[in-house]
Amino acid sequence: MADDGRRGEDEDRGPGAAYQMFVVMEDLLDKLKVLNYEEEVLAKHNMKALSRHYFASSPYTPSNPGEQFYMFTVIAAWLINVAGRPLETPHEHDDPNATVSNILSHLRALGGQVDFPPAKLKSGSGEHVCCVLDQLVEEALKRKGFSWRRPVYPSEEQEEECVMEDDAELTLNKVEEEMAEDADEFEEENVLDLEALKARSNQHEGTASKPEMILESQTDAAEWNLEVERVLPQLKVTIRTDNKDWRVHVDQIHQHQAGIKNSLKDAKVYLDKLQEDVSKTLEKVSSREKYLNTQLEPLIAEYRTAQSQLSQTKELYQQGSGGVTERTRTLAEISEELEKVKQEMEEKGSSMSDGAPVVRIRQSLTKLRQEIQQMDVRMGVVEHTLLQARLSHKNNMTRDMHATNTHTDSHTHIY
């Protein structure tokens, strides 16, 4: 039943929901860099830097659940401390259930949303891990007073680009003009220039002196005719039209206008016919549409009622699914507590059923008894030695007393 509900949620979110965690992970890495996590976390704990898809679960990315879970707990604890709530950095050998429950409790206290069982975080990767870290880093950024701003682009670079484009256009125009001038010069070389010949003739006339006698030609007429026939093709005079002349442009405009008018007369008939056909087709479509609307009006009403019922059912389903998720979360927490109690009961039962402590106690008792016996023997020896010492001391005292008494008796007898 839970799998069906989860499958329905995935279908409601769309086919791209499975890849949303990659986007969240990339944004998370940028936010961690803003908080300077390289020096605050990686350098202190001697860890390697995170990749763009470190906490994203995918068969195409390498995964190490133990390392990823430890990295997740360390970063989460650091973010919680940055957000203003004290939390000790967890160790590798700590209980994962207790560590995850502490992190989620702090996240709820910070206002985060937790609508999934805590067991989802034990793998150290996946959508829920990225979601938890993203919520914690957002709270840390709020605590630091950081806010994202839009980039401000300088206006000088755009002006320089515009100037460069204008220069490029100018240079291109210059190149085209130079190419046109080169072509004109090439044509002028092949065409005889009358003005240059006239200037040369005037110059030659000005510089040369007038002849004093009558000049008579000594050239043969036949040779002259042959030379004329040979040079005649090169004496053609051509007048080139200038493309920059506005009169030529006006003539071209009039020609194009006349051509457009002639072609418009033929095309107007076809356009009028096409307009009539389109208008008739539109009238048919509108009449057909009205007919379909009148025929399908009861079905449309039924569809609207069904759609409203569907929306109500979806709302009820969402409410029910929300209650189910809350109950599943509560069930997961209760099951975790039950597992803890079972482990404690098993440990106590194993300690109670184990006979090794009793054997050790018995061995200790026997050893203690042996030591007591040895101490009794030593005490007896010491008491015997002490008694002998006392007896010897008493004998000495009595001997001394007898000696003193005899000595006094002898003195009294002398006196």
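Helix axes are lines fitted to C-alpha atoms, taken over the stretch in contact, and the angle between two of them runs from 0 to 180 degrees between N-to-C directions. On that basis, helix 4 (residues 65-82) and helix 6 (residues 127-144) pack at an angle of about 25°, with their axes 8 Å apart. The model discussed here is predicted. Its secondary structure comprises 12 helices and 0 strands.

**Overall architecture**

- Along the sequence, the protein reads α-α-α-α-α-α-α-α-α-α-α-α, in keeping with a count of 12 helices and 0 strands.
- The protein has 415 residues, and 16% of them count as buried.
- Among contacts in the protein with a separation of 6 or more, 70% are accounted for by residues 24 or more positions apart.

**Helix 4 against helix 6**

- The two axes lie 8 Å apart and form an angle of about 25°. Because angles under 35 degrees count as roughly parallel, helix 4 is roughly parallel to helix 6.
- The crossing in which helix 4 passes helix 6 is left-handed.
- Helix 4 contributes Phe72, Ile75, Ala76, Leu79, Ile80 and Val82 to the contact. These residues meet Val129, Val132, Leu133, Leu136, Val137, Ala140, Arg143 and Lys144 of helix 6.
- By class, the residues of this contact between helix 4 and helix 6 are 12 nonpolar, no polar and 2 charged.

**Helix 5 against helix 6**

- The axes of helix 5 and helix 6 cross at roughly 45° and come within 11 Å. This angle makes helix 5 oblique to helix 6.
- Helix 5, like helix 4, takes part in a left-handed crossing with helix 6.
- On the helix 5 side the contact is made by Ile103, Leu104 and Leu107, and on the helix 6 side by Val132, Gln135 and Leu136.
- The contact of helix 5 with helix 6 has 5 nonpolar residues, 1 polar residue and no charged residues.

**Buried residues within helices**

- Thr99 is located in helix 5 (residues 96-109). With 12% relative accessibility, Thr99 counts as buried, because the cut-off for that class is under 20%.
- Not counting residues up to four places away in sequence, Thr99 touches Thr73, Pro90 and Asp94.
- Glu336 belongs to helix 11 (residues 297-353). Its relative accessibility of 14% means that Glu336 counts as buried.
- When neighbours within four places in sequence are left aside, the contacts of Glu336 are with Asn97, Pro118 and Ala119.

- Most residues other than glycine have a negative phi. Asn46, although not a glycine, has a positive phi of about 60°.
- Asn46 sits in the loop between helix 3 (37-45) and helix 4.
- The relative accessibility of Asn46 is 73%, so Asn46 counts as exposed; the cut-off for that class is over 50%.

Note on methods: Residues numbered from 1 in each chain as written. Predicted model: local features only at pLDDT ≥ 70, side-chain atom pairs only at ≥ 80, totals over all residues. Heavy atoms only, no water. Helix = DSSP H or I, 4+ residues; strand = E, 2+ residues; numbered from the N terminus. Parallel < 35°, antiparallel > 145°, perpendicular 65-115°, else oblique. Left-handed = near helix turned anticlockwise from the far one by under 90°. Contact = heavy atoms within 4.5 Å. Nonpolar A, V, L, I, M, F, W, Y, C, P; charged D, E, K, R; others polar. Buried < 20%, exposed > 50% of the residue type's maximum accessible area, 1.4 Å probe, protein only.
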